[in-house]
Amino acid sequence: MKQHILLIAIIVIASFSRLYQLDKYPAGLNADEASIGYNAYSLLQTGKDEYGKPWPLVFRSFDDYKPPVYFYLTLPFVKVFGPTVLAVRLPSAILSILAVYLIYLFCLQLFKSQRIALLSALMLTISPWHLQFSRGAWEVNASTTFLLLSLVLFLKGRESIKYWYLSVLFMVISLYTYHSLRVITPLLLIGLWFIYQDQITSRTKQILPIVTIASLLLIPLFFQMVSPEGVSRFNGVSILADQGPLWEALELRADHQNNFIAKILHNKYLSYTLRFAKNYLSHFSNRFLFINGDEIARSKTPESGQVLIYLFPFWFLGLFKLFKRFDKPAKTILLWLFIAPVAAALTFQSPHALRAENMVIPLSIVIALGLSTANLCKLPLVVLIGALVTFSFVKYLHMYYIHYPQELAYAWQYGFDQVADYVKENEQKYDHIIITDRYDQPYILMAFFLKYPPKLLQKEIVLTSRDQFGFGTV
């Protein structure tokens, strides 16, 4: 009974922190959110996306070819609330609240401990990393929840194989939700097979139909990924789009006068491998995790890391406990933790909180394991730890609600709703209205806030040629 009350209290905190003034914070609406909202509006109005394609499995958007799941999740909310900021963000917020409950179930099945399960749910609830992406229309946040749900069902499937059908279904859905999961999910599956192979190989005949169903569901995704559009998307953001490692290798070769040894020691393959390693390790740096967080303005809150700073010692204590026990539950968490940043490390921006957001789940669990040892401490120390963590969380909320909208509002294209209102009132006075494209894809933001007729946009839309990163604009 006590555990249920604590769990309800944690979910209430998670709900309030993710839903409170969701349409106002973060201030503004970024272009990706507007694209999701307007395309959902277009589908409801015409049965086609902004380019006139009926019910697509991939949305062209800004030539970045977005996965479809979050668009379709948004449909009922846009139907009820219209194309509004609230409608676009609600699916992400609701799924993030669900993730708090799912991490509790996940840890309860893994560790058979109410304390660890409740602490993990609490750590996810107050995680700046999770909160940042819960309060925006981020596909990555939805994909993380689907992946977590699939793993909860995977563990449940050890008792009854019917849960593995659902597990595979949600794994497939995660792949159709966000790009980075197309790297993370297969790697996790391979790792889980090694950890639980004694329970999997003994049921090979029962698993075969599950694999067959999953393979059939993934056929459209496969063809999309190998298409020119899919390849273009990868090339635009991959580590290979950065010419820096290549030029570094050529410069070092020149120091050797380009002899044979130089070609062995200094080549693009080694340079890009070292850049990948640097990118990967940057996601475990204390500066990223506890001090400054992501450098991208849209993905960070001022003076905040990805994790509350006073949880710093429990991160190391939790890792120590996992390596010490090194049983199946420990291996499962370590597997996820070390795989989580791989997709982000393959891109030219690192550390990258958005592409590595799934890391927040094992990270929260590791810290919870560290905190679970607090019961061995004396009461005054436990109270001190609680006070410091509470202070750290309150300060984060202060920075998010007071300073973030004032310092980094440009990252969320703040003000386009006001521009749209001004245009509505004054458009009859002018032959042309010109809007700067300095603040990222103004056409979709104006279309969203003006509720521009989708049938007209479908006829008028013309994209520019792609830039060096593969993006286009209207």
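Modeller: In this predicted model, the charged end of R60 is placed over the ring of Y51, 5.0 Å from its centre.

Colleague: Which residue lies over the face of W164?

Modeller: That residue is R203, and its distance from the ring centre of W164 is 4.6 Å.

Colleague: How is a pair of aromatic rings described?

Modeller: Two quantities are used: the distance of the centres and the angle of the planes. In this structure the count comes to 30 aromatic pairs. For Y280 and F284, the ring centres are 5.5 Å apart and the planes stand at 55 degrees, so this pair is tilted. An angle over 60 degrees would have counted as edge-to-face.

Colleague: Are Y280 and F284 buried or exposed?

Modeller: Y280 has a relative accessible area of 17% and is therefore buried, the limit being under 20%. F284 is also at 17% relative accessibility, so F284 counts as buried.

Colleague: How are the planes of Y396 and Y400 arranged?

Modeller: Their planes are at 40 degrees, with the ring centres 6.1 Å apart, so the pair is tilted.

Colleague: Where do Y396 and Y400 lie?

Modeller: Both belong to helix α21, which covers residues 379–407. They are four residues apart, about one turn of the helix. Y396 and Y400 are both buried.

Colleague: Which residues do ring pairs link into a cluster with Y396 and Y400?

Modeller: The cluster joins F16, Y20, Y25, Y401 and Y404 to Y396 and Y400 through ring pairs.

How values were computed. Residues are numbered from 1 along each chain as its sequence is written. This is a predicted model: local features need pLDDT of at least 70, side-chain atom pairs count only at pLDDT 80 or more; totals for chains, interfaces and linings use all residues. Side-chain values use heavy atoms; hydrogens and water are left out. Rings of Phe, Tyr and Trp (its six-membered ring) pair if their centres lie within 6.5 Å; planes under 30 degrees apart count as stacked, over 60 as edge-to-face and the rest as tilted. Buried means under 20% relative accessible area, exposed over 50%, partly exposed in between (1.4 Å probe, protein chains only). Helices (H or I, at least four residues) and strands (E, at least two) are DSSP runs, numbered from the N terminus. A charge sits over a ring if NZ of Lys or CZ of Arg is within 6 Å of the ring centre and within 35 degrees of the ring normal.
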